[in-house]
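Subject: Structure for your review

Dear colleague,

Please find below the structure that I am handing over to you. My notes on what was found in it follow directly after.

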Amino acid sequence: MIVVSACLVGENCKYSGGNNRNDAVLGYLEGKEYITICPECTGGLSTPREPAEIIGGEGKDVIDGNCKVISRVGVDVTKEYMKGAQISLDEAKKNNVELAILKEGSPSCGVNKIHNGEFKGIKKVGKGVTAALFEMNGIRAISEKDLEQKR
């Protein structure tokens, strides 16, 4: 069983109200069992919503309580990101998920890179909150970029 970021299969749950539909992901999923998640929506945030970034660290640091997820207008949304990550992990465990395909760059789902916390479109090496929680619980995560490179 695979869990995949809902935006990657075309669900309009992206912060802007759109999606990140990805043909490489859809091709990979063909004939496979999968479930979709959007930790940000599950955590209680609306669509659309203000973009948010992890300030002063990465996903593991948020989980450890050492930094926060803050929206572009300065609202602390750490609680919603943590709640969404935990619900997503619970769902993944319940469905015996072995692989997660998550949206690169997202403060929830970034696998290899996340935005650097300055809201300038600059990315840095790091994981989002959900990706980090999955990894800490033995669920392998890849991004759509990893699948695109294999095509």
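Asn96 lies in the loop between H4 (78–94) and E5 (99–102); helices (H or I, at least four residues) and strands (E, at least two) are DSSP runs, numbered from the N terminus. The phi angle of Asn96 is near 55°, a positive value in a residue other than glycine. With a relative accessible area of 59%, Asn96 is exposed; the term exposed stands for over 50% relative accessible area, buried for under 20%, and partly exposed for what falls in between (1.4 Å probe, protein chains only).

Please note that this is a predicted model, in which local features need pLDDT of at least 70 and side-chain atom pairs count only at pLDDT 80 or more, while totals for chains, interfaces and linings use all residues. Residues are numbered from 1 along each chain as its sequence is written, and side-chain values use heavy atoms, with hydrogens and water left out.

Further backbone features

Phe119 also has a phi near 55°, a positive value in a residue other than glycine. Phe119 is found in the loop between strand E6 (113–115) and strand E7 (123–125), and it is partly exposed, at a relative accessible area of 27%. A cis peptide bond, with omega about -5°, joins Thr47 and Pro48. Pro48 belongs to the loop between H2 and E3.

Helix H4 and the cores

Ala92 is placed in helix H4 and is buried, with a relative accessible area of 0%. Apart from neighbours within four places in sequence, Ala92 is in contact (heavy atoms within 4.5 Å) with Val97, Phe134 and Ile139. Ala92 and Val75 are 17 residues apart in sequence, and their C-alpha atoms are 28 Å apart in space.

Which residues have the most contacts inside the largest nonpolar core? They are Val69, Leu102 and Phe134, in a core of 25 residues. A nonpolar core is here a set of buried Ala, Val, Leu, Ile, Met, Phe, Trp, Tyr and Cys residues joined through side-chain atoms within 4.5 Å. At least two residues of this core come from each of strand E2 (34–37), E3, H4, strand E5 (99–102) and helix H5 (129–136). In soluble globular proteins, nonpolar side chains tend to be buried together. Leu102 has contacts, leaving aside neighbours within four places in sequence, with residues including Ile37, Val111, Phe134 and Ile142. A second, separate core has 15 residues, among them Ala6, Ile101, Ile142 and Leu147.

Helix H5 is largely enclosed by the rest of the structure, because six of its eight residues are buried. These buried residues are Val129, Thr130, Ala131, Ala132, Leu133 and Phe134. After H5 comes Gly138, with a positive phi near 80°.

Charged and polar pairs

How many salt bridges does a search of the whole structure find? The search finds eight, a salt bridge being a side-chain nitrogen of Lys or Arg within 4 Å of a carboxyl oxygen of Asp or Glu. In one of them, Arg49 pairs with Glu40, with 2.9 Å between the closest N and O atoms; Arg49 and Glu40 are both buried. Another joins Glu50 and Arg72, whose closest N and O atoms are 3.2 Å apart. Glu50 lies in the loop between helix H2 (39–42) and strand E3 (52–55) and Arg72 in the loop between strand E4 (68–71) and helix H4, so this pair ties together parts that are 22 residues apart in sequence. Glu50 is partly exposed, at 36% relative accessible area, whereas Arg72 is exposed, at 52%. Lys60 forms a salt bridge with Asp64, the closest N and O atoms being 2.8 Å apart. Both partners are partly exposed, Lys60 with a relative accessible area of 41% and Asp64 with 40%.

Asn22 sits in the loop between strand E1 (2–5) and helix H1 (23–29). Asn22 counts as buried because its relative accessibility is 9%. Its side chain makes a polar contact of 2.6 Å with the side chain of Glu148. Such a contact is a pair of N or O atoms within 3.5 Å; within protein, one must be able to donate a hydrogen and the other to accept it, and residues adjacent in sequence count only if both atoms are side-chain atoms. Not counting residues up to four places away in sequence, Asn22 touches Leu8, Glu144 and Glu148.

Yours sincerely
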